[in-house]
There are 2 protein chains.
Amino acid sequence: MEEDKKYHTHTSADGSEFTHCHEGEHPHTHKNTKVVINRLSRAIGHLESVKRMVSDGRDCSEVLVQLSAVISALNSTGKVIIKDHIENCIVDAVESGDRKAIDDLNNAIDRFMK
Amino acid sequence: MEEDKKYHTHTSADGSEFTHCHEGEHPHTHKNTKVVINRLSRAIGHLESVKRMVSDGRDCSEVLVQLSAVISALNSTGKVIIKDHIENCIVDAVESGDRKAIDDLNNAIDRFMK
C-alpha cells in the first residue's frame with residue numbers, strides 16, 4: 001500500500017487505470033479514468049475541427065451545431081466524473097466523516113450545473 | 001470581387017480576417033473570426049490541461065471546476081459567433097430575403113441554447 005502518497009494510479013488486469021483522487025488515509029479508486037481521458041481526447045479533436053471550420057469560413061450555423069455537440073460531450077463527461085467520484089470517493093468520505101470532500105463536490109456541482 | 005466562390009477570406013489592414021459565411025450573391029464578412037479562433041485555441045489548451053489533471057489523478061472537484069470553465073468559455077465563444085453572424089450575415093440575408101439563412105441560424109440556436 002502507498003497510503004503516504006497523495007495520488008497514485010494502478011493498472012488493472014484489463015489495462016484500465018484506477019486513480020486515487022484524495023489525499024489522506026482512505027485510498028479509493030476511479031473506474032472511469034480511461035473513459036474520461038478518451039472522451040476529453042475526442043472533444044479536443046472535435047474542437048480542432050471546429051477551429052478549422054471557422055478558419056475555412058464555414059457557415060456559422062454549421063459551426064454552432066458542431067460547437068454545441070462538443071459542449072454536450074463535455075457536459076456528459078462531467079457527469080461521468082461526478083458519478084465516478086460519488087461511487088468511488090464520496091462513499092468512502094461519508095464513511096470516514098470527511099465532510100470537506102462532500103463540500104468540495106457540492107461546490108463543484110454548483111459551478112458545473114448552472 | 002470573388003462572388004463565384006462559396007467562401008473566401010480577406011485580411012484587413014490590421015491583420016484580422018474577414019471571412020464570408022454564406023454562399024450566394026451577397027458576400028458578407030465576419031469581424032470576429034480571429035477572436036473566435038483564439039478563443040477556441042485557448043479552450044483546446046485548457047482542455048489538454050484538464051486531461052492532464054485527470055491522468056495525474058487530481059481531485060475530481062478541481063477537475064470539475066476546470067471543466068466547467070472550459071464549457072463556459074465555449075458557450076461565450078458560441079455567443080460571439082451568433083452575434084457576429086447576426087451582425088454580418090443575417091442583416092444581409094434579411095435584406096435579400098434569404099429565409100434559409102435565418103431558418104438555419106434559428107435551428108442552430110435551438111441546439112446551442114438548451
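This is a predicted model: local features need pLDDT of at least 70, side-chain atom pairs count only at pLDDT 80 or more; totals for chains, interfaces and linings use all residues.

Reader: Why is Arg58(A) called partly exposed?

Author: Its relative accessibility is 34%. That value falls between 20% and 50%, so Arg58(A) counts as partly exposed.

Reader: What makes Glu62(A) and Arg58(A) a salt bridge?

Author: The cut-off is a Lys or Arg side-chain nitrogen within 4 Å of a carboxyl oxygen of Asp or Glu. Here the closest N and O atoms are 2.9 Å apart, so the pair qualifies. Glu62(A) is partly exposed too, at 33%.

Reader: And in chain B, what makes Lys100(B) and Asp104(B) a salt bridge?

Author: N to O is 2.8 Å, which is within 4 Å, so the label holds. Both residues lie in helix α3 of chain B, four residues apart, about one turn of the helix.

Reader: Is Lys100(B) buried or exposed, and how do you know?

Author: Exposed: its 56% is over 50%. Asp104(B), with 22%, is partly exposed.

Reader: Why are α3(A) and α2(B) called roughly parallel?

Author: Their axes come within 9 Å and cross at roughly 10°. Angles under 35 degrees count as roughly parallel, so that's the name for α3(A) and α2(B).

Reader: Which kinds of residues make up that contact?

Author: Seven nonpolar, two polar and two charged. Among them are Leu105(A) and Phe112(A) in α3(A), with Leu64(B) and Ile71(B) in α2(B).

Conventions
Residues are numbered from 1 along each chain as its sequence is written. Chains are lettered from A and ligands numbered from 1 in the order in which they are written. Side-chain values use heavy atoms; hydrogens and water are left out. Axes are lines fitted to C-alpha atoms, for helices over the stretch in contact, and angles run from 0 to 180 degrees between N-to-C directions. Helices (H or I, at least four residues) and strands (E, at least two) are DSSP runs, numbered from the N terminus. Angles under 35 degrees count as roughly parallel, over 145 as roughly antiparallel, 65 to 115 as roughly perpendicular and the rest as oblique. Contact means heavy atoms within 4.5 Å. Ala, Val, Leu, Ile, Met, Phe, Trp, Tyr, Cys and Pro count as nonpolar, Asp, Glu, Lys and Arg as charged, and the others, Gly among them, as polar. Buried means under 20% relative accessible area, exposed over 50%, partly exposed in between (1.4 Å probe, protein chains only).
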